[in-house]
Amino acid sequence: MNRARGSTTAVLLAFFFMACGPSTSATEPEGSGGSGSGAGGPGSVAGSSTSTGGSTGSGGTDASASTGSGGAGGEPPGDGGAGGSSTGGGPPVVEPTLITSGPNDYWKTGTPTEVTSGNADVTVDDATTHQRWDGFGGTFNEVGWNVLSMLGEAERARAIKLLFDKHEGAAFVYGRIPIGASDYAMDRYTLDETPNDTAMASFSIDRDKERLIPYIKAALAVRPGLHLWASPWTPPTWMKSNGAFDGGRMKDDASTLQAYALYLAKFVEAYADEGITIEAVHPQNEPNYETRYPSCIWTGALMARFIGTYLGPTFADRGLTAQIYLGTMSNNESGKDGAIISAVTGDATAMGYVKGFGLQWNMMSSASGLRSRNLPIVQTEHKCGNYPWNPAGSPPFDAQKAPNDHAYAEESWGLIRDWIKAGVTSYSAWNMVLDTAGKNLDSERPWPQNALLTVDTAAKTLNVTPVYHVFRHVSEYVDPGATRVATTGGDALAFKNPDGSIVTILYNSGNAAKTTVLDVAGKKLQFSVPAHGWATVNWT
């Protein structure tokens, strides 16, 4: 049975790009228009096609129930904004009941056949519930807007809709913003490089107004309720032991720590002046990886002291509503990010300010131990594939160009599935848009990374990669505030939306298409799942 929804605000997006869309120059003027994001938890919204093989393990039985919390503040972020399920001013949009994707044949809509006999391959048990689901998102980076700016207005608008629109895209509800340079900035920078400027007199987001803020405002024009959160890759260089953007350790003197707390507070305030609400701040990206791009090492004791003595009180004193999350934790080696989690969760003063946890990459196993805290556990960065430490992998590492192939899409399904089954309440892609090469700031060890969308900068064309469709298979029809429910059989995830509809996503790792029977909501539905492909059943 089809679901009907309100219409999108395509007129608003068209107005944004006509009124303040960027030129095709490398440095863009400050964007205008758009609106601040809504209140709730930190979360995102977004349709089209492209490419080859690989596989992941099966899911099997998903039976152990648990309770989970949602977005920041303990409330679901909601599904407001363009393309939400509320009324829209146009006729209701009728959603498809079946969408399938396989190699070179993505995002095909159809209708399952109701059958009355035969055993189900996958059964949905909506009486057995797991965590509340708050949504998917992705990361805004300078390189993404730089390459989007090379497209014409229509293709640039299509890219934003593919990511954030509810009916014509992946329906992302979260957006991550770097505070200063990430490894996908155009070059290294922070927001205050004046040495010893502890009063932040030279603090400025003028650099962000060139690329990041126009990118964010373009997304807000499609998704006004976008939930935005932020994290730094490095503090200002004068706050670090080595005085450099890359690597080094955070200084531990009181003057520096108070200055850094003020730096993060000023970021939230400066973005608010631009009409952009930052709902959460994670103090450090990957605090135990010292890399050849912006990074900084922290100890657990220092992180606990910083949050409890400096960052939390500074946010409170300045009346900021942005919440503090313990993130983004990534390194699971002994004594690394797990030690930071232990130190902070063991510090009552720090935990008085912590409203959630951000985990990524190798920290999946930490989710189970944090669930008892009854705070949101958010997955903060999807693995980007094409790993340089695995040169003989399958597929092998490519030092020149990101593969953006179907094998990475299949790897990504396994990651998304396993993180969600581990209990996270939201999931963030890494780069939403890159050029076709996908290289970051690390010139010593080039690492071309995959993205959801790519831009051929020579041809000035937009490409939709296979992994985009995997994200969309899970994200478009599962609404914020949904509840994950149990499945048995096959390799599947299922969610029950607030309106009672049930969305089931199934994966077929086999080399041939598989005729599949799904038992959901008292019905048996039959359909074909492509080889090495997916089916989403959207059933009321």
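Which residues in α10 meet which residues in α11? In this predicted model, His-406, Tyr-408, Ala-409, Ser-412, Trp-413, Ile-416 and Ile-420 are the contact residues on the α10 side, and their counterparts in α11 are Pro-466, Val-467, Val-470, Phe-471 and Val-474. By class, the residues of this contact comprise 10 nonpolar and 2 polar, with no charged residue. Helix α10 covers residues 406-422 and helix α11 covers residues 466-475; their axes come within 8 Å and cross at roughly 30°. Angles under 35 degrees count as roughly parallel, and α10 and α11 are therefore described as roughly parallel to each other. The crossing of these two helices is right-handed.

The crossing of α3 with α4 is right-handed. From α3, the residues Ile-160, Lys-161 and Phe-164 take part in the contact, while α4 contributes Tyr-215, Ala-218, Ala-219 and Val-222. The residues of this contact divide into 6 nonpolar and 1 charged, with no polar residue.

Among the strands, a closed barrel is built from 8 members in the order β7-β8-β9-β10-β11-β12-β13-β14, and their pairing is parallel. On average, neighbouring strands of this sheet are turned by 30° against each other, direction ignored. Leu-359 stands opposite Gln-379 of β13. Helix α6 (residues 300-317) lies across β10 (278-281), β11 (323-329) and β12, and runs at about 150° to β11. Helix α7 (residues 337-345) lies across β11 and β12, at about 155° to β11.

Antiparallel pairing is found around strand β18. Strands of a sheet pair through backbone hydrogen bonds, in either a parallel or an antiparallel manner. Strand β6 (residues 122-133) pairs with β18 in the antiparallel sense over 6 bridges, and Asp-125 stands opposite Ala-486 of β18. Strand β18 is also joined to strand β19 (residues 492-496) by 3 bridges, again antiparallel. Here the bridge partner of Thr-483 is Lys-496 in β19. The strands β18 and β19 form a hairpin with 3 residues between them, and Gly-489 in the turn has a positive phi of about 85°. Of the 7 residues of β18 (residues 482-488), 5 are buried, so this strand is largely enclosed by the rest of the structure.

Terms used:
Residues numbered from 1 in each chain as written. Predicted model: local features only at pLDDT ≥ 70, side-chain atom pairs only at ≥ 80, totals over all residues. Heavy atoms only, no water. Axes fitted to C-alpha atoms, helices over the stretch in contact; angles between N-to-C directions. Helix = DSSP H or I, 4+ residues; strand = E, 2+ residues; numbered from the N terminus. Parallel < 35°, antiparallel > 145°, perpendicular 65-115°, else oblique. Left-handed = near helix turned anticlockwise from the far one by under 90°. Contact = heavy atoms within 4.5 Å. Nonpolar A, V, L, I, M, F, W, Y, C, P; charged D, E, K, R; others polar. Buried < 20%, exposed > 50% of the residue type's maximum accessible area, 1.4 Å probe, protein only. Pairing = 2+ DSSP bridges.
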